[in-house]
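Hello,

Here is the structure I promised to pass on to you. Please open it first, and then read on for a short tour of what turned up in it.

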Amino acid sequence: MGASGIGQGQPDDVPPPTGKEPRKPDAPPAAGSPPARAADARKPAPAKVRSGPLTRLREAGSAALGSGPPPGPARPEFWRSPLRGPWLTAVFGLVLLFGITVLFVTGLLSYAAYNPDLAAVNDQTPNKGWLGFYLFSWPTSPYWLYRLTQGVHVTLGIVLVPVLLAKLWSVIPKLFEWPPVRSVSHALERLSLLLLVGGAGFEFVTGILNVQLHYNFPGSFYTLHFYGAWVFIGAFVVHVTFRLPRALRAVRERPGEPAAGTEEAVGLVSPRPAAPTISRRGALAMVGLGSVALLVVTAGQSIGGWWRRTALLAPHGRDPGSGPNGFQINKTAASVGIRPSDVGPAWRLTVRGPGRQVDLTYEQLLAMPQHESALPIACVEGWSTPDQRWGGVRLTDLAALVGLGVNTPEALVESVQRGGSFSSAVLSDHQVRDSRSLLAVRVNGATLSADHGYPARAIIAGAPGVHNTKWVTRLTFGEPA
Ligand SMILES: Nc1nc2c(c(=O)[nH]1)N[C@H]1C(S)=C(S)[C@@H](COP(=O)(O)O)O[C@H]1N2
Ligand SMILES: [Mo]
């Protein structure tokens, strides 16, 4: 801590000033001090820090020779906000530690919910290798599980944006650290920060573009967001390991920061702070208010029903229409090229099992035992609907048509839709066997609308929306031939 008194005329053994002490906004920059550096802070102050015209001259000379920071953001005194300091950075950091952990876990769950190991058509990242080590067969109960985890993932991701931006703002002087690289370990640390900041930006940007339906990035969203998450979380773990103790120490102290020049303060506390226009707690409250505002205009899309009207940022629109089919539609029939002839009188449901096949007309399907189940649609984009009352035929009853008994195997569900990664899906055996899983022909007492999948669609307990295939024309039970 030898440098803590630099520029403030304090001997080294004087403790750093506390936040209660009045600051001196107009105090001149620490003229004789070299830029505060963590390494310097640990060394005893060299004699030359006594400021004076001679020292200043020497400083100017060494700057000219390239050893000092160039004018501009690399100089600590360039940054003048009196708010920056270990306390504020630590508070934002701890909020992000909690929030990003939840984002990562719910993100991994979202991938698991697709049952990617079951079949190639379910897997958007087939080359994941051991990154899929944690995968498990997605349960059908509780049936609202995906609605919850994905709603939390998307809503929290949006709500954390102000906190992320504030955290980056609070540490921005460090981006311009001088010299940019001091040693091999310092270079490695900076590289990990590049992955951390770049990774965070990448994950938030791809996630938000996806939920806003702007698929304007190269490659598949799933691939980018999945691998990006692993790169980011690696850097995140490294960062938390090194910084958590310091952050915990900082929040236990008062918002007033240690003096400029201490190890904690390096790069954060301005050596030449401007007069404050807001307190640290005030700044924190403003960021919190920003997050709450985003929560209020976002959460409604995951609650659905009446609350959807409050989802000002929902890209699909706030009014899904009225009547039994009046709930959120993802892709309309027209938008994915479903022709009236595909779903007209010529439509057939083909049911295939080992060595057997049955073709049903729409009327024959309606003549089978009809059941009801109340299940939501929960999309990966974070929106969902409250439970809808679906009516149709149990998947197990359809399996029975091709001679399969109680131990119904997994099933490939295919749509009349040509192409598109969501036109087919493989359901696990326990998804098929769940008595709530239907090939639905009705919803809320009415015939399915064209956009909700007429003549028939899959409705699977607990599954993500993407596995509720619309405009179904073929079911293949067991090993696809
Ligand atoms: N054939 C087909 N089925 C599909 C899709 C699709 O694009 N094509 N989208 C899926 C997705 S991603 C969701 S969230 C749900 C949405 O169902 P809804 O439009 O009836 O609300 O349908 C699923 N079924
Ligand atoms: Mo979806």
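Let me start with a question: leaving aside its neighbours within four places in sequence, which residues is Pro173 in contact with? They are Pro76, Trp79, Gly267 and Leu268. Pro173 belongs to helix α5, and it counts as buried because it has 20 C-beta neighbours inside 10 Å, where 20 or more is the cut-off.

The mean pLDDT of the chain is 87, with 85% of the residues at 70 or more. Residues 1–50 are the part to treat with care: pLDDT is below 50 there, even though the stretch has 81 contacts in the model beyond near neighbours in sequence. Where pLDDT is low, the predicted coordinates should not be read in detail.

Now the overall picture. The chain has 481 residues, of which 39% count as buried. Its secondary structure comprises twelve helices and ten strands. If you take the contacts between residues at least 6 apart in sequence, 71% of them join residues at least 24 apart.

Back to α5, which is worth a look on your screen. The helix covers residues 161–175, 15 residues in total, and spans 20 Å from first C-alpha to last, close to the expected 21 Å. At Trp169 there is a kink of about 40°, shortly before Pro173. Besides Pro173, the buried residues of this helix are Val163, Leu164, Ala166, Lys167 and Ser170. What do the buried residues of α5 pack against? Their partners are α3 (86–113), α6 (184–211) and α8 (280–298).

One of those partners, α3, has 28 residues and reaches 40 Å from end to end, computed between C-alpha atoms in the model, close to the 40 Å expected. After α3 comes Asn115, with a positive phi near 50°.

- Asn444, in the loop between β7 (438–443) and β8, has a positive phi of about 50° although it is not a glycine. With 14 C-beta neighbours inside 10 Å, Asn444 counts as partly exposed.
- Trp471 sits in the loop between β9 and β10 (472–477), and its phi is positive as well, near 55°. Trp471 counts as buried, with 24 C-beta neighbours inside 10 Å.
- Trp178 and Pro179 are joined by a cis peptide bond with omega at about -10°; Pro179 lies in the loop between α5 and α6.
- Tyr454 and Pro455 are also linked by a cis peptide bond, here with omega near 10°. Pro455 is in the loop between β8 (446–447) and β9 (457–459).

Finally, have a look at the ligand. Which residues come nearest to ligand 1? Of the 20 residues around it, they are Asn330, Cys379, Ser415, Phe422 and Gly465. The shell is made up of eleven polar, seven nonpolar and two charged residues.

Enjoy exploring the model!

Best wishes

Conventions. Residues numbered from 1 in each chain as written. Chains lettered and ligands numbered in written order. Predicted model: local features only at pLDDT ≥ 70, side-chain atom pairs only at ≥ 80, totals over all residues. Near = placed C-beta within 6 Å. Nonpolar A, V, L, I, M, F, W, Y, C, P; charged D, E, K, R; others polar. Helix = DSSP H or I, 4+ residues; strand = E, 2+ residues; numbered from the N terminus. Expected span 1.5 Å × (residues − 1). Bend = angle between axes of the 7 residues up to and from the residue. Buried ≥ 20, exposed ≤ 12 C-beta atoms within 10 Å, placed from the backbone. Contact = placed C-beta atoms within 7 Å. pLDDT = per-residue confidence, 0-100.
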